[in-house]
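Please look at the sequence and the model before reading on.

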Amino acid sequence: MIELQNVSLIYARKTPFERRAIDDLSLKIDEGSFTAIAGHTGSGKSSLVQMISGLIDPTSGKIFVDEIDLATKDRIKARDARRKIGMVFQYPEHQLFEETVELDIAFGAKNFGCDEVETLSRVKESMSLVGLDFEKFRNLAPLELSGGQRRRVAIAGVLALKPKYLILDEPTAGLDPSARKSMLDEISKLHRKKNSTIILISHSMDDIATLADRLIVLSHGKLVGDGSPRTIFGNKKILDQAGLARPRISQLLEKIGIDSDAITIDEGIDAILKTKGRR
Amino acid sequence: MISVENVSFDYVDVDGNSKSALKNISLEIHDGEFFAILGTNGSGKSTLAKLFNALLIPTSGKILVDGIDTKLEDELWKIRQRVGMVFQNPDNQIIAAIVEDDVAFGCENLGIDPLEIRRRVDESLESVKMLEFKNFAPHKLSGGQKQRVAIAGVLAMKTRAIVFDEPTAMLDPIGRSEVLETIRKLNSQGITVILITHFMEETITADRILILNRGEIARIETPREIFSDATSIRNFGLELPFAVEIANRLRKKIKIPRNILTESELVEALKI
């Protein structure tokens, strides 16, 4: 479990530019859950996940990963706790640098101290998880790949670290429709088949409605909503406060005049057919 | 306004092999048109965009902007004054420390009279609804606001056509709708718009859509024609706009009018 206790993050402290990016935030994220984080640009989403992954320290408050305080003085313990978190940044393909796909994916695992046999097996496994054929892609240069393929290589590099908790910051931004769709399918598969704990930052309420079992809403660094996507999307007050829209299908049903709590396309189609069938 | 005649473009890949990005493309973009370009990553969209204002020169064939061949180096500024470009990442195209300086930059390069530049900068910022931010530092702006500043910079040069290469890809939903609204408004004022995007919804108000597939023209048709063929849309790695997708799924079970494209058409058809 990941636990945040009264966490605040202040940038440029004690200067005229002081800004509170995260304001007294407390929450717990359970193992095996699929949590989405939504909020405006500047709401604190990225700051939050950077703190969870140990990249920046909170100004005050505590963060625990499996009950280990990330700020513990015991360096081995702190390192082991941080290694449980895998972070996929926005546009992660910009960080590919090795000559071949295989070397790039293996890089982090080797740094974590895996021997050759273990590294190779992890590279193979993570490539299959993101839908890249090992033999076909291992010797290709990342530059020869399409945008969607490059992004999958970057994600495979993180998966090869076998993180217990996987954070993805807008993993589909800039992808074409087919690459977007397969990326979402693979994330969903990771969650269902490998039981990975997923934390997903997304601007797409449609994707959140389909994938996540929990939605955390941030606004100006504060937690303003926390519940199932259906509960949050049914709460106009939270959505207005955070400036978020409901999924497109929910908006469509409202415009048609159908009273329904549907948030996914399948549910929406059923709701329309039910109403139309009755007449 | 822009005519593309039998254009091919080859590039050299990392191993030194010649690869073809565009094959024998011919098309005409009309004055005042809203022309959208769709295709998967690697289909040649961005290459074609860069050919429109001579950032790239065709390997064979030619591109004429108001009759001027983009190959002619002496005419380069005439072409860039006619066809402007807005890219995906707002942070890569803003260069000045103050919004209005950034908007003025292109004009200054053209050697325009300072009083005239002043007028154009204000007018352009007004047009993208950013006038109140003219003394701001660009890094204090949101992504959508930065993109609108980039658009104002192009407008100030009085270009008649603007090529937008995935201008909303890095923006959040609010930024995306701000930019799209700006693009539509400029087009309604007579500016030719060429929009490259991965978002199908952004193309449904276009006059025509070009689908590129592996460097070749797969289709050039109106949005209604393009999206009425669900199978080929999927084969090209694209998707249907939301309302079309829903209408198609409903049509299997209940009676829905054919050729629905927009959400309001769908609402109208289902209204209770």
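## Basis of the model

This is a predicted model, in which local features need pLDDT of at least 70 and side-chain atom pairs count only at pLDDT 80 or more, while totals for chains, interfaces and linings use all residues. Residues are numbered from 1 along each chain as its sequence is written, chains are lettered from A and ligands numbered from 1 in the order in which they are written, and side-chain values use heavy atoms, with hydrogens and water left out.

## The interface of chains A and B

Chain B gives 32 residues to the contact and chain A gives 30 residues; contact means heavy atoms within 4.5 Å. The two chains bury about 2800 Å² between them, with 65% of it on carbon and sulfur atoms. Buried area here is the accessible area (1.4 Å probe) that two parts lose on being put together, summed over both. Of the area that chain B buries against chain A, 22% comes from Asn41(B), Phe242(B) and Ile272(B), more than from any other three residues.

Three salt bridges are found across this interface, a salt bridge being a side-chain nitrogen of Lys or Arg within 4 Å of a carboxyl oxygen of Asp or Glu. One of the salt bridges joins Glu263(B) to Lys255(A), with the closest N and O atoms 2.6 Å apart. On the side of chain B that touches chain A, the elements giving two or more residues are helices H6 (173–188), H9 (242–251) and H10 (263–270) of chain B. H10(B) provides the largest share, five residues. Helices (H or I, at least four residues) and strands (E, at least two) are DSSP runs, numbered from the N terminus.

## Helix packing

In chain B, helix H3 (residues 99–109) packs against helix H5 (residues 143–156) at an angle of about 35°, their axes 7 Å apart. Axes are lines fitted to C-alpha atoms, for helices over the stretch in contact, and angles run from 0 to 180 degrees between N-to-C directions. Residues making the contact include Val99(B) and Cys107(B) of H3(B) and Ala152(B) and Gly153(B) of H5(B).

In chain A, helix H3 (residues 101–111) and helix H6 (residues 147–159) pack at an angle of about 35°, with their axes 7 Å apart. Here Val101(A), Asp104(A) and Ile105(A) of H3(A) meet Val153(A), Ala156(A) and Gly157(A) of H6(A).

## Salt bridges overall

Over all chains, the count comes to 42 salt bridges. One of them pairs Lys222(A) with Asp23(A), the closest N and O atoms being 2.7 Å apart. This pair links distant parts of the chain, 199 residues apart: Lys222(A) lies in strand E10 (residues 222–227) of chain A and Asp23(A) in strand E2 (residues 19–29) of chain A.
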